[in-house]
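Welcome to this one. Please have a look at the sequence and the model first, and then read the notes alongside them.

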Amino acid sequence: MTEISHRYPRVAEYLENEVGFEKWSQCHYLRLRYNITTTNMVESLNSMLVNVKDFPYVALLDVIQEKMSKWWNDRRIVAMTITAPLTPSRESEFRPRFAQSNGRHTLQLNPVTYHVKGGELEGVVDIFNKTCTCKEFDIDKLPCVHAIAVAHHAQVSVYSLVSPYYTKEYYVLAYDETIYPVGSQSQWDVPNEVATRVVLPREVKEGKRGRPKTSRFPSVGEFRKRKNCCGKCGAYGHYKTKCNSQTGSTEGNQPTDVPV
């Protein structure tokens, strides 16, 4: 916040006084980090289906089912081969904190609360509620360096302080089920009330002239490469009719990321 105040005073004043820290700073957010709905999963599926999105509905569903079945099986195999207590990504994030926790002075304040000194930031850890004043333990549900120091001091297993959702057992359970193919359409058991239902095509308004748009609109701040290339100078970003180059030089013939 100090750096923002130094470089952009008006922005810092707006964020601090009008917006509030809890709406843009993760450590001040009052809810859990993983109960927020985002569009990341939708973007991943869109990327997966970019070449098959024009398939008929039944064929499209078969592609989705086949891909999901492969994903589930691949992740199940990975989960079964894990030997560490945590998932690979959490374990790789967790391990470096052990060395960072060395040399910190720990003072017990009551049966469950400890004060940890040393390093750039002190912390007060509650091992019962699994919280720390640095907020890293609260948000990530993974012990911070202060909590690890407390666990060593109190002779408590560090892994007992980790959220169960990061453990190997939960990782295996997440992909325990098998996604089976639907089978041939002739073998479907369709209820009579569904089979007799008449589904009319949706009303389609007359669209704009020209080819229909097949790509989605880019998000704010998203960059795409321009594909138009000048036939005269070879540069991207303009056409031959609007080229100001006096020679046929190909200098700058590289695609550049520009906002659209």
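The points below go from the model as a whole to a few of its parts.

1. **Confidence.** Please keep in mind that this is a predicted model. The pLDDT averages 82 over the protein, and 85% of the residues score at least 70. Residues 248-260 are the stretch to treat with care, as their pLDDT is below 50. In the model this stretch still has 27 contacts beyond near neighbours in sequence. Where pLDDT is low, predicted coordinates should not be read in detail.

2. **Overall make-up.** You will find ten helices and six strands here. The protein has 260 residues, and 24% of them are buried. Its accessible surface comes to about 20400 Å², with 55% of that belonging to carbon and sulfur atoms. Among contacts with a separation of 6 or more, 45% are between residues 24 or more positions apart.

3. **The largest nonpolar core.** Which residues touch the most other members of this core? They are F94 and V125, in a core of 21 residues. Strand 2 (113-117) and helix 8 (145-154) are the elements that give two or more residues to this core. Helix 8 gives the most, with five residues. Leaving aside neighbours within four places in sequence, F94 is in contact with L86, L142, P143, I148, V158, Y159 and V162.

4. In soluble globular proteins, nonpolar side chains tend to be buried together.

5. **Cysteines.** How many disulfides does the structure hold? The count is zero. Take C144: the closest cysteine sulfur, in C134, is 3.7 Å from its own, too far for a bond, because a disulfide needs the two sulfur atoms within 2.5 Å. C144 is buried, with a relative accessible area of 0%. C233 is in no disulfide either, and the nearest cysteine sulfur, that of C230, is 3.7 Å away. C233 counts as buried too, at 8% relative accessibility.

Key: Residues numbered from 1 in each chain as written. Predicted model: local features only at pLDDT ≥ 70, side-chain atom pairs only at ≥ 80, totals over all residues. Heavy atoms only, no water. Helix = DSSP H or I, 4+ residues; strand = E, 2+ residues; numbered from the N terminus. Buried < 20%, exposed > 50% of the residue type's maximum accessible area, 1.4 Å probe, protein only. Contact = heavy atoms within 4.5 Å. Areas by Shrake-Rupley, 256 points an atom, 1.4 Å probe, with all protein chains shown as cover. pLDDT = per-residue confidence, 0-100. Core = buried A, V, L, I, M, F, W, Y, C linked by side-chain atoms within 4.5 Å.
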